[in-house]
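Visitor: Could you walk me through how the helices pack in this one? I'd like the terms spelled out as we go.

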Amino acid sequence: MPMAVATSFALIVRLGWHDSGTYDKNIEEWPQRGGADGSLRFEPELKHGANAGLINALKLIQPIKDKYPGISYADLFQLASATAIEEAGGPKIPMKYGRVDVTEPEQCPPEGRLPDAGPRDPAGHLREVFYRMGLDDKEIVALSGAHTLGRARPDRSGWGKPETKYTKDGPGEPGGQSWTVEWLKFDNSYFKDMKFLSQIPLEEQKEQDLLVLPTDAALFEDPSFKVYAEKYAEDQEAFFKDYAEAHAKLSDLGAKFDPPEGFSLDDVTSDEPADEKKEEAAPTPEPVAAAVATATADDNNGAAPQPEPFSAAKYSYGKRELSDSMKQKIRAEYEGFGGSPDKPMQSNYFLNIMILIAGLAFLTSLVGN
Ligand code: HEM
C-alpha cells in the first residue's frame, strides 16, 4: 500500500465517527436526532471545535462525490472510514449502505454532542455521551481502540505534543503526538501501550512520547471499562471482533436508509460465502489495486468494468447471510436500472461504490504526494 494513502486513514476514520457520533437516541425525528446523515459536510458543523482539521478529510472525499454524485455523503464517509480500518490491517467491518443525506446546513446537529477529551469525570462523561448514542461500556472501550491510528495536534484539538520521536519525520505531514508507535497500523497496540503507561507514575507518563488522553486513561481506571481494556491488550482477535461489531453499529447511528434495511456490498458483488473469504485471508493491497485498474479502464475508454469482489480485509469475523427479501430487493434494484444480478450492468450504484473505493485510494495517494 502506498505510504501516502495510509497517512490519510486516521483523518478519514475520524470524519466517519464525527458524522455519526452526534446521534441522540432520545430524539426520534430524523435528522434532528443527528448521526450518520452527511451533515458534517456543511460549514456550521465543520466549524464545531471538535471538528477542527476535518475539512481536510472532506477535501479528499469531495472529488469522489463530484464524480459519483449518486452516492450519498453519509455513505461515502462511512465507506471511506471502514475501508481505511480494513486497509490499515484492521478487521473487516460488516457494513451496510443506503444512508440518506440531509440537504441543508440548518439540519446540522447542535455543537457539543461529541465527547471532550479532558472532562472532570472522564469515565462518567464517556458513559453520558456514548449511552446517549445507545452504546455500552464494551463498545466504548472497543471504539476507543481506533486511537491505535493517527495523532493529536495541539493546533487542532489542543491535545498532544507538537512533535515526538515517532512523528517528527512523518510519514505524511510531520508532527503531532500518536497513541502508538506504529500509528499507521490498526492493531491492539493502543491497549498494550496504555496498559504499560498506566502502570508507571503520572510524571513519568508525561515524559513519554506516546499520548494518553484523560478519557483514554479512564479505560484502565474504571473497573467496568478495565475488564475490556485488559482483554484487548492480551487478545487482538477479541479486540478485532468487538471493534468490527461496534464500528458497524457506530456507522449506522441515526441513519435513515433507503431501502429501509440498507444493503451490503459483499452481498451484491460476490456469491462466495463469507466463510470461504475468511479462510483465504488475502493480503490487503491487491483487490484495491485491481479496482484502481478497473476505474482507470472505465475512465480511459469506457470499457465495461466488472465489479470486483470487495475482499480487502485480512480478517473476517463471521458469516452474514443475505435474507431472501433482501436478495429480492437487490434484484429489483438491478432490474430497475435495466440490469440483472447475474449479468452486471455497465453503470449502477453498486459498481460506482466499488470504483469509488479505488478512487478514494487513488486520490489520497495524489493528495499525499
Ligand atoms: C472516547 C472518546 C473520544 C475522545 C475524547 C476523542 C478525542 C480525540 C482527540 C482530542 C483527537 C485529536 C484530534 C486532533 O488533534 O487532530 C482524536 C483523534 C482521533 N480520534 Fe478520537 N476521540 C474519542 C473517540 C474516538 C472514536 C470512537 C474514534 C473512532 C471510532 C476515534 C478516532 C480517532 C482517530 C482515528 C483520531 C486521529 C485523527 C488524525 O490523526 O487526524 N476517536 N480523538
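Guide: Angles under 35 degrees count as roughly parallel, over 145 as roughly antiparallel, 65 to 115 as roughly perpendicular and the rest as oblique. This is a predicted model, in which local features need pLDDT of at least 70 and side-chain atom pairs count only at pLDDT 80 or more, while totals for chains, interfaces and linings use all residues. Residues are numbered from 1 along each chain as its sequence is written.

Visitor: At what angle do H8 and H11 pack?

Guide: Helix H8 (residues 189-198) packs against H11 at about 115°, with the axes 7 Å apart, where axes are lines fitted to C-alpha atoms over the stretch in contact and angles run from 0 to 180 degrees between N-to-C directions. H8 and H11 are therefore roughly perpendicular to each other. Helices here are DSSP runs (H or I, at least four residues), numbered from the N terminus.

Visitor: Which residues make the contact?

Guide: Phe191, Lys192 and Lys195 of H8 meet Ala229, Tyr232 and Ala233 of H11, contact being C-beta atoms, placed from the backbone, within 7 Å.

Visitor: New topic: how many residues of H7 are buried?

Guide: Six of the eight residues in helix H7 (residues 137-144) are buried, that is, 20 or more other C-beta atoms lie within 10 Å of their own, with C-beta atoms placed from the backbone. Those six are Glu139, Ile140, Val141, Ala142, Leu143 and Ser144.

Visitor: What covers them?

Guide: The cover over the buried residues of H7 includes helix H6 (122-132), helix H10 (214-221), helix H11 (223-234) and helix H12 (236-252).

How values were computed:
A residue is buried if 20 or more other C-beta atoms lie within 10 Å of its own, exposed if 12 or fewer, and partly exposed in between; C-beta atoms are placed from the backbone. Helices (H or I, at least four residues) and strands (E, at least two) are DSSP runs, numbered from the N terminus. Two residues are in contact if their C-beta atoms, placed from the backbone, lie within 7 Å.
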